[in-house]
Amino acid sequence: DSYENLRMNHRPYIDRTAFIVSVMTSGSPRNVITRPPHSNKTLLLDTLKTFLEVNPTAPGDTSRQRAFFAGLKVTENQPFCDAFMGRFPVFSVSLRTVAGSSFETALAALINVIVSLAAEHDDLLQSPRLSEDDKRYLQRCLSRKYLQDPSHVMVVKKFLSRMTTFLAKHYDRRVVLLIDDWD
């Protein structure tokens, strides 16, 4: 789908894609995007992911992004698009479902998120750039039962840093980490 389809088939669309340039050229290695509840922060993060994300089967192919963002503000800056569009592995995490009335309940919800994210990236198990130890770690993250064992809490604790490291190794590029609903 393109933004043109969104504009034609849904409510009016306000082009806010210029924020991508601001975020990526801010000079800061970390950006916190705070917005009030129900203000489309998730949409902004999804837009950022769609713009930046490398095509896993054809790195360098940005045809999907070019079609999707055609005619929008961000594409007016061609040098920026050439440098950033479709150039990064993006690891996107939503913690929206991680909640509970006890630590155990919240941990179980976090484990569900980890298993789901590990499954999304299980193609890394075939990566020639990852070590056998890296692949074993990822394989463990696919097992709810393994992660629920209290003696494996460090596997849960290190998940984000290990996964971004794996993506950086696999693609030999910096990784963009997007965390939604972290509060």
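**A tour of the largest pocket and its surroundings**

The lining of the largest pocket comprises 14 nonpolar, three polar and three charged residues (Ala, Val, Leu, Ile, Met, Phe, Trp, Tyr, Cys and Pro count as nonpolar, Asp, Glu, Lys and Arg as charged, and the others, Gly among them, as polar). The model is predicted, with pLDDT of at least 70 needed for local features and 80 or more for side-chain atom pairs, while totals for chains, interfaces and linings use all residues. Residues are numbered from 1 along each chain as its sequence is written, and side-chain values use heavy atoms, without hydrogens and water.

Select the pocket first. A pocket here is an open set of points on a 1 Å grid over the protein atoms alone, where a 1.4 Å probe fits, with protein on both sides within 12 Å along at least five of seven lines; lining residues have an atom within 4 Å of a point. Next, select Pro-29, Arg-30, Asn-31, Val-176 and Leu-177, which are the closest to the pocket centre among the 20 lining residues.

Then colour helix H2 (18-24), helix H3 (41-52) and strand S2 (176-180), the elements that each give two or more residues to this lining. S2 contributes the most, with four residues. Helices (H or I, at least four residues) and strands (E, at least two) are DSSP runs, numbered from the N terminus.

Finally, display the whole chain. The protein chain has 10 helices and two strands, in the order α-α-α-α-α-β-α-α-α-α-α-β from the N terminus. Of its 183 residues, 34% are buried (under 20% relative accessible area, 1.4 Å probe, protein chains only).

Methods:
Buried means under 20% relative accessible area, exposed over 50%, partly exposed in between (1.4 Å probe, protein chains only).
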